[in-house]
Amino acid sequence: LEAAATAEAAIRVFQDTDQESHAGLEHDDAAGAAASAYTTLMFRSLPRRYTHLALLSDLLEHVGRSKIDFVDVPWDTPQSNMGYAFVNFTDHQAAVACQTAVAGRTWRYVQSCKRAKIAPAFVQGLRDNLLRAAERIGPAGHRSERPLVFRSGE
């Protein structure tokens, strides 16, 4: 519960400072995200040493920085991620552009023969991804476990 409260507080701060550019954060969970309107992608076959910043650098070759507002690479140990990541884009078109450009290619920043596998994530949107990350990490989570969150590319 403490992690959820912390996530809710972070979301309130984020919403208060950027209501206009992220007006769609509050969505009807009952309605769900339509398949044609997804903004969060799950990247699989991520090399185990790929970091948040390496993934972000890879993606910025295909979409502008202002189009990404959340990057989460869950870590299994301090030296190894879990082989997948979640990225939320500010709009569906940016998600599709990135998915089209990156799917099936090898990862740029480590020597690996793994090829990117990308699909719409089950959890959609910045708000719900922040909540999911807070639940996973908990209040005592190490800084390196926290997702990268951007507002207007910053």
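Visitor: What makes strand E2 (residues 68–72) mostly covered?

Guide: Five of its five residues are buried in this predicted model. Buried means under 20% relative accessible area. Each of those five residues therefore falls under that cut-off.

Visitor: Why is E2 said to pair with strand E5 (residues 84–89)?

Guide: Pairing needs at least two bridges. Four bridges join E2 to E5, so the two strands pair. They run antiparallel. Ile 68 has Phe 89 of E5 as its bridge partner.

Visitor: What makes E7 (residues 148–149) a partner of E2?

Guide: Two bridges join E2 to E7. The criterion is at least two, so this pair qualifies. These strands also run antiparallel. Val 71 stands opposite Leu 148 in E7.

Visitor: How do you know what span to expect for helix H4 (residues 126–137)?

Guide: The expected span is 1.5 Å times one less than the number of residues. H4 has 12 residues, and 16 Å is expected. From first C-alpha to last, H4 reaches 16 Å, close to that expectation.

Visitor: Which residues of H4 are buried?

Guide: Among them are Leu 126, Leu 130, Ala 133, Ala 134 and Ile 137. Asp 128 and Asn 129 are buried too. Just after H4, Gly 138 takes a positive phi of about 80°.

Visitor: What is the pLDDT over residues 1–7?

Guide: It stays under 50 there, and the model has nine contacts beyond four places in sequence for this stretch. Residues 9–33 are also below 50, with 25 contacts beyond near neighbours in sequence. Where pLDDT is low, predicted coordinates should not be read in detail. The protein averages 79, and 71% of the residues score at least 70.

How values were computed: Residues numbered from 1 in each chain as written. Predicted model: local features only at pLDDT ≥ 70, side-chain atom pairs only at ≥ 80, totals over all residues. Heavy atoms only, no water. Buried < 20%, exposed > 50% of the residue type's maximum accessible area, 1.4 Å probe, protein only. pLDDT = per-residue confidence, 0-100. Contact = heavy atoms within 4.5 Å.
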